[in-house]
Amino acid sequence: DYNGMKFMSFGFLLGDSPAIMRGPMVSGYIQQLLTTVEWGELDYLFIDMPPGTGDVQLSMMQNHKPVGAIIVSTPQDLALIDAQRAANLFESGKVPIIGLVENMSGYACPHCGEASDPFGKGGVEAASDATGISFLGRIPLALEIRSASDSGTPPATGDGPEAEAFHSVAARISDWLDNEAPKEGA
């Protein structure tokens with residue numbers, strides 16, 4: 001539990017051991033985490049899945065039918081192709097796409113402040129325009145985000161521009177869940 005947010009990771013169980021497993025094993029572990037962790041009362045449960053359209057995603061749709069999916073991609077063309085495939089998979093399984101998030105979006109040099117876009121710029125927003133899927137926002141490629149994450153202090157729990165990027169995306173997701181998510185029994 002961190003700042004009222006509960007979380008669990010298979011990585012917590014590995015220690016220093018490598019995670020050598022095929023898709024069905026990963027699906028089994030996710031199933032185990034979903035059904036055996038004592039989550040208590042939750043407002044939402046988010047599951048960070050590996051990228052792609054494989055066993056993990058198929059098992060999730062078949063066994064748990066998520067209320068929605070959030071597609072996260074870097075802005076580069078090759079990553080966007082995989083992200084579009086993932087969106088198509090969820091849509092074919094009748095899982096609504098909440099929206100798209102552009103990750104590692106732009107980089108400001110910590111020494112001179114000059115901005116650059118090592119992964120391209122605006123690709124996810126352009127995909128949003130082309131597909132009609134909502135654009136939820138950008139998470140920058142920032143040293144502060146990496147440092148805070150590595151120290152165990154999630155950037156979203158703080159203040160400042162890095163936290164604001166997460167807060168903005170979270171607000172859009174919350175709005176979708178409150179106003180557009182399919183209701184139980186509907």
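Author: A crossing of two helices is left-handed if the near helix is turned anticlockwise from the far one by less than a right angle, and right-handed if clockwise. This is a predicted model in which local features need pLDDT of at least 70, side-chain atom pairs count only at pLDDT 80 or more, and totals for chains, interfaces and linings use all residues. Residues are numbered from 1 along each chain as its sequence is written, and side-chain values use heavy atoms, without hydrogens and water.

Reader: Is the crossing of H2 and H3 left-handed or right-handed?

Author: The axes (lines fitted to C-alpha atoms over the stretch in contact, with angles from 0 to 180 degrees between N-to-C directions) of helix H2, residues 23-36, and helix H3, residues 55-64, come within 8 Å and cross at roughly 40 degrees. H2 and H3 are therefore oblique to each other, since angles under 35 degrees count as roughly parallel, over 145 as roughly antiparallel and 65 to 115 as roughly perpendicular. The crossing of H2 and H3 is right-handed.

Reader: Which residues of H3 does H2 meet?

Author: Contact means heavy atoms within 4.5 Å. From H2, the residues taking part are Gly 23, Pro 24, Val 26, Ser 27, Ile 30, Gln 31 and Leu 34, and those they meet in H3 are Asp 55, Val 56, Ser 59, Met 60, Asn 63 and His 64.

Reader: Which residues touch the most other members of the largest nonpolar core?

Author: Ile 71 is in contact, beyond its neighbours within four places in sequence, with residues including Ala 83, Phe 90, Ile 97 and Val 101. Within the largest nonpolar core, which has 15 residues, those that touch the most other members are Ile 71, Phe 90 and Ile 97.

Definitions and conventions:
Helix = DSSP H or I, 4+ residues; strand = E, 2+ residues; numbered from the N terminus. Core = buried A, V, L, I, M, F, W, Y, C linked by side-chain atoms within 4.5 Å. Buried < 20%, exposed > 50% of the residue type's maximum accessible area, 1.4 Å probe, protein only.
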